[in-house]
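Thank you all for coming. I would like to walk through one structure with you, beginning with a sheet and ending with a group of aromatic rings.

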Amino acid sequence: RLALWALNKSYKKKEVVHSGPTYKSHEIKANKFIITFDNTGSGLMTAKKVLHLPVEQSDDAPEMFQICGSDGVWQWAKAKIISSNQVEVSHPKISQPLEVRYAWASNPEGANLYNKEGLPTGLFKTDK
């Protein structure tokens, strides 16, 4: 990853994707959060990564998303990729979502959102 960063930033090779997806913004539509990402490269995907082995794309839904409603209680959320740079996040019991967070743990096993270049999404939390 450091080599990709150097190629993009120091050597000005803008075609080199140097980062995994990063939180850019969000909007709330009815009971769903729409999260928009930067650094998506060729698009978002879910994948599996085991130790030093290459990332393998999967058909799994994005995991490790949590959503919070007006009661202040965080719930594991349902998430799906809806475009090359957006994920929709919701929970059936939360009608007025306030915040979303991703991979919010010391060791977020199961975090599986990547860009198609194989770089992982960093943890983030939206603000109220």
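This is a predicted model: local features need pLDDT of at least 70, side-chain atom pairs count only at pLDDT 80 or more; totals for chains, interfaces and linings use all residues.

In which sense do strand E2 and strand E8 pair, and over how many bridges? Strand E2, residues 32–38, and strand E8, residues 86–90, pair in the antiparallel sense over four bridges, where strands are DSSP runs (E, at least two residues) numbered from the N terminus, and two strands count as paired if DSSP finds at least two bridges between them. Within this pairing, Phe 33 has Val 89 of E8 as its bridge partner.

Residues are numbered from 1 along each chain as its sequence is written, and side-chain values use heavy atoms, with hydrogens and water left out.

The pairing of E2 with E8 belongs to an open sheet of four strands, in the order E1-E2-E8-E7, with antiparallel pairing. Strand E1 (22–29) and strand E7 (78–83) stand at the edges with a single partner strand each, so one side of each is left without a neighbour in the sheet.

Now to the rings. The structure holds five aromatic pairs, counted when ring centres of Phe, Tyr and Trp (its six-membered ring) lie within 6.5 Å, with planes under 30 degrees apart called stacked, over 60 edge-to-face and the rest tilted. The rings of Phe 65 and Tyr 102 have centres 4.7 Å apart and planes at 45°, so this pair is tilted. Since Phe 65 lies in strand E5 and Tyr 102 in strand E9, the pair ties together parts that are 37 residues apart in sequence. Both residues, Phe 65 and Tyr 102, are buried, that is, under 20% relative accessible area, as against exposed at over 50% and partly exposed in between (1.4 Å probe, protein chains only). The rings of Tyr 102 and Phe 124, with centres 6.0 Å apart and planes at 25°, are stacked.
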